[in-house]
Amino acid sequence: MAQTLEKPLLGLDTEFPDVVHVLHHAPSGRYGCFCHEGVHGLACFSTDIGATRFGEFIDLSGLTVESLSFDEAREVAKDRPMPVVAMMLLDDMRHPVIHYVR
């Protein structure tokens, strides 16, 4: 008899919040991104404080924190040029939650 696992894949119990916070540089149209183990993604945070702290590591003036719905952030990620292929929830940067958009 086959057994059904409650959580067959690591990370499925972690979801993105309905609203995420991202860094945006309006003059250039750029957004804050991150690379984790070779995967490039739009950097997302569950709080604006997390996004602000991430912005302290980026050498670019004029960054602002934008609050986006999950679907809006997904569209932003899809519109980024390659190699960006995902959204990354970076509340724990050592273990990001990755949502692939392509």
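**View 1. Overview of the predicted chain.** Buried residues, meaning those under 20% relative accessible area with a 1.4 Å probe and protein chains only, make up 35% of the 102 residues in the protein chain. This is a predicted model, in which local features need pLDDT of at least 70 and side-chain atom pairs count only at pLDDT 80 or more, while totals for chains, interfaces and linings use all residues. Residues are numbered from 1 along each chain as its sequence is written, and side-chain values use heavy atoms, leaving out hydrogens and water. The secondary structure comes to two helices and seven strands, taken as DSSP runs (helices H or I with at least four residues, strands E with at least two) and numbered from the N terminus. Starting at the N terminus, the elements run β-β-β-β-α-β-α-β-β. With contact defined as heavy atoms within 4.5 Å, 64% of the contacts between residues at least 6 apart in sequence join residues at least 24 apart. The chain exposes about 6,800 Å², and carbon and sulfur atoms supply 53% of that area, computed by the Shrake-Rupley method with a 1.4 Å probe.

**View 2. Strand β4 and its two neighbours.** Five of the six residues of β4 are buried, so to speak a mostly covered strand. On one pairing, β3 and β4 run antiparallel and are joined by four bridges, with C33 standing opposite L42 in β4. These two strands form a hairpin with two residues between them, and E37 in the turn has a positive phi of about 50 degrees. In the other pairing, β4 and strand β6 (residues 84-89) are parallel over five bridges, and V84 in β6 is the bridge partner of H40.

**View 3. The buried face of helix α1.** Helix α1 (residues 48-55) has G50, A51, F54 and G55 as its buried residues. Seen down the axis, these fall within an arc of 140 degrees, so they line one face of the helix; the arc is that of the directions from the helix axis to the C-beta atoms. They pack against β1 (19-25), β3 (33-36), β4 (39-44) and β5 (64-69).

**View 4. Two nonpolar cores.** A nonpolar core is a set of buried Ala, Val, Leu, Ile, Met, Phe, Trp, Tyr and Cys residues joined through side-chain atoms within 4.5 Å. Of the 14 residues in the largest one, F16, V20, V22, L42, C44, A73 and M87 touch the most other members. β1, β4, α2 and β6 each supply at least two residues, and the largest share, three residues, comes from α2. A second, separate core of 11 residues includes F34, A51, F54 and V85.

Methods
Buried means under 20% relative accessible area, exposed over 50%, partly exposed in between (1.4 Å probe, protein chains only). Two strands pair if DSSP finds at least two bridges between them.
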